[in-house]
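Here is a short briefing on one structure. Keep the sequence and the 3D view open as you read.

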Amino acid sequence: MLQVEDLDVVIDSKPILENVSLTVADGEIVAVLGPSGSGKSTLLRAIAGLVEAATGDIRWDGRSIANVPTHRRGFGLMFQGYALFPHMTVGENVGFGLKMAGRDGIADQVEEALSWVGLEGFGSRQVESLSGGEQQRVALARTLAPRPDLVMLDEPLGALDRNLRQKLVTETREVLEEREVTAIVVTHDREEAVAMSNRLALMRAGTIVQTGLLDELLADPADEWVAEFIA
Amino acid sequence: MKRVRWGWVAVAAPPVIFIGYFFVYPLARILVLGLSELSIGASGVEARLIRVGWFTLWQAAVSTVLTFIAAAPLTWAVSSYDFKGRRLAMALATVPFVLPTVVVGTAFVALGWQESIGAILAAHVFFNVAVVVRTVSTLWSRIDPRIQEAARVLGASEWDVFRRITLRLLRPAIAAAASIVFLFTFTSFGVILILGGFRFATLEVEIYRQAVTLFDLPLAAALAIVQLVGVSGALYWYSRYQERTAVSWTLERGANLRRPKGRARTGVLFATLGTLIALAIPLSMLVSRSFTGTYYQALFRDDPVVGVPAQAALNSLVFAVAATLLATIIGILAATVITGHRGELSRWFDLTLMLPLGTSAVTIGFGFIVALDWPIDLRATRWLVPAAHALVAIPFVVRSTVPTLRSVPAETREAARVLGASPFRVWREIDLPIVSRAGMVGAAFAFVISLGEFGATSFVARPASATIPTMIFRLLSRPGQTSFGMAMALSVVLAGLTAAVVMAIDRARFGELGSF
């Protein structure tokens, strides 16, 4: 279980996150929904340890991970724009986390991870030769391959066109649910958030305004902005 | 409390120690020596500094402008069009740049152009055309054509597009090329020593004369200070400019080139052939004149004064291998430090590492003989030669690797960290493989630089450890047709060696990656 408690993040003396609290139960998929610039990506980066918290705490299974460096947190983060390694093949990208963990049988696990996203046999391809949709799936496979405790997806479908997005929303959710992973999905798109998650967390100007199921939020919005944003 | 990052300390230590002992410390000794000379105010020192300083400055400025004018046609052709022989034309145009200055000087002597400002400027243009062509065309050919098309659709004429879009986008490359050409010509030594005779002296030549011929070390140190002030100013400006305009973008893999048609075809033909023919004249003269006697055979004969000239070739190769290893390892570590931190610290590190490039080889060699008697006297060892060469080459390795490292988006490294890579493994798995291709370019340049290095070597090489360039200069300094002929023959050998390495670099398709 992930617990974010009263988190403040300050970057270049500008407050980016203020007093953010969020809990994600095991096996739950939470969508963080909000307009661009509201601090969604920074929240993921703080959980991954890529930015430091000014105050507040982040706990995993009850233990604070504030002092655990990024590479030892065992979380997965799929970057907006994917951040695939340009000098490696698809297989090397997907196997990277396994290699870092010193696991055995990497080739088989890579092939398995590729099969989750429907890219069997793509292992030896160069990442530059892939289409946008294929890159998205490679990034997802790379994130899932080491079987991280927590998966974070940052605008996972943001760069794709509409038709592809509708197809991949369902696909991505299925992949997450089959693996029974605990996940946070960040998006600015209401439909996407609803389709991919069990629960919504609405974010505005660096704070989480309200959390709950879509029906709960519709029935009892915290303020006018929430009502308008999810309508 | 800030944690000490030992990984960074380990990466930064070799460059800091090497640059510190072989560069910063000798420079400090020169400063002490020179400042005391300046404060004494010996008669005539000031007037001499101003005269030599002014000549150095204006000839560098004029050389830079002339180089851009001469390089413009070929730069345009290879940046915009794909034509038969394009790669070959670029490779051939690069030959003068990689030629050792001693060879260039000898070639212009073979043309019969001596002791004139015209010869100096022509030799500078000849030498530097490739810097402009390659640096500018690397960027120019990769500008996304849609940007220009967008401007056309918005009503811009072809000229408007060039002036308002292309030229503006090229500004970083133009600034880079201009500052490199300016620095090279500002610190020009071999060409001026050979072609300027006693009438024209830049700061470099004057430092050499005062230190080596007249043994006036304090005056030489004072001159070195003037030199340093000018160069640091130029470098600081360039470094700031580069940081301001640093864009992290994914370069298009291939260049966006069209096939030339109609008038463009004629233009490309004239631009390419015209440039290449002009560049070929001094070299062909050198080669043909070197065969007008038995000069090549003479290189293997034992000469009572200079020994066996061919021995210098062996010395040069051994030194080049050692210098390349040193420069590549230290350069890549330094580039890692520079790109790993943003802000003041990284800029100062960058600037310090670039300084050997501008400080001039002569000051480096001069510093060695002034300072390296502490803690033990190293001045008699032959290994000072590769150390000096590495120092000259490090900025090239740094420059050829830093842009590649900067072009790696921060997210790529972050992705590796999230996937479990420690800082060291991020460097090994991400930075090192990506940088090693550019590092190969840097290494090849280091090799070529070492082969042709003359300024520093002229201070530190002993007669027994003479390199090809110092041997050529000794032969040129002796009267007589045979000595001049042997100098030409040895120049051709050196030119052939360096050209072979450069052609190999271009063949290996590294050429397009290098941005000097």
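**Where the chains meet**

In this predicted model, 18 residues of chain A are in contact with 17 residues of chain B. Strand 6 (75–78) and helix 2 (90–100) of chain A each supply at least two residues of the side that touches chain B. By class, that side of chain A has 11 nonpolar, 6 polar and 1 charged residues.

**Strand 6 of chain A**

- Strand 6 of chain A is covered on both faces.
- Phe75(A) and Leu77(A) lie on one side, and both are buried.
- Strand 6 of chain A runs parallel to strand 7 (residues 150–154) of chain A, and 4 bridges join the two.
- Within this pairing, Met78(A) is opposite Leu153(A) of strand 7 of chain A.

**Two crossing helices in chain B**

- Helix 4 (residues 101–110) and helix 5 (residues 117–140) of chain B have axes that come within 10 Å.
- These axes cross at roughly 130°, which means that helix 4 of chain B is oblique to helix 5 of chain B.
- The crossing of helix 4 and helix 5 of chain B is right-handed.
- Helix 4 of chain B makes the contact with Val104(B), Gly105(B) and Phe108(B).
- Helix 5 of chain B brings Ala119(B), Ala122(B), Ala123(B), Phe126(B) and Phe127(B) to the contact.
- This contact between helix 4 and helix 5 of chain B has 7 nonpolar residues, 1 polar residue and no charged residues.

Conventions: Residues numbered from 1 in each chain as written. Chains lettered and ligands numbered in written order. Predicted model: local features only at pLDDT ≥ 70, side-chain atom pairs only at ≥ 80, totals over all residues. Axes fitted to C-alpha atoms, helices over the stretch in contact; angles between N-to-C directions. Parallel < 35°, antiparallel > 145°, perpendicular 65-115°, else oblique. Left-handed = near helix turned anticlockwise from the far one by under 90°. Contact = placed C-beta atoms within 7 Å. Nonpolar A, V, L, I, M, F, W, Y, C, P; charged D, E, K, R; others polar. Buried ≥ 20, exposed ≤ 12 C-beta atoms within 10 Å, placed from the backbone. Pairing = 2+ DSSP bridges.
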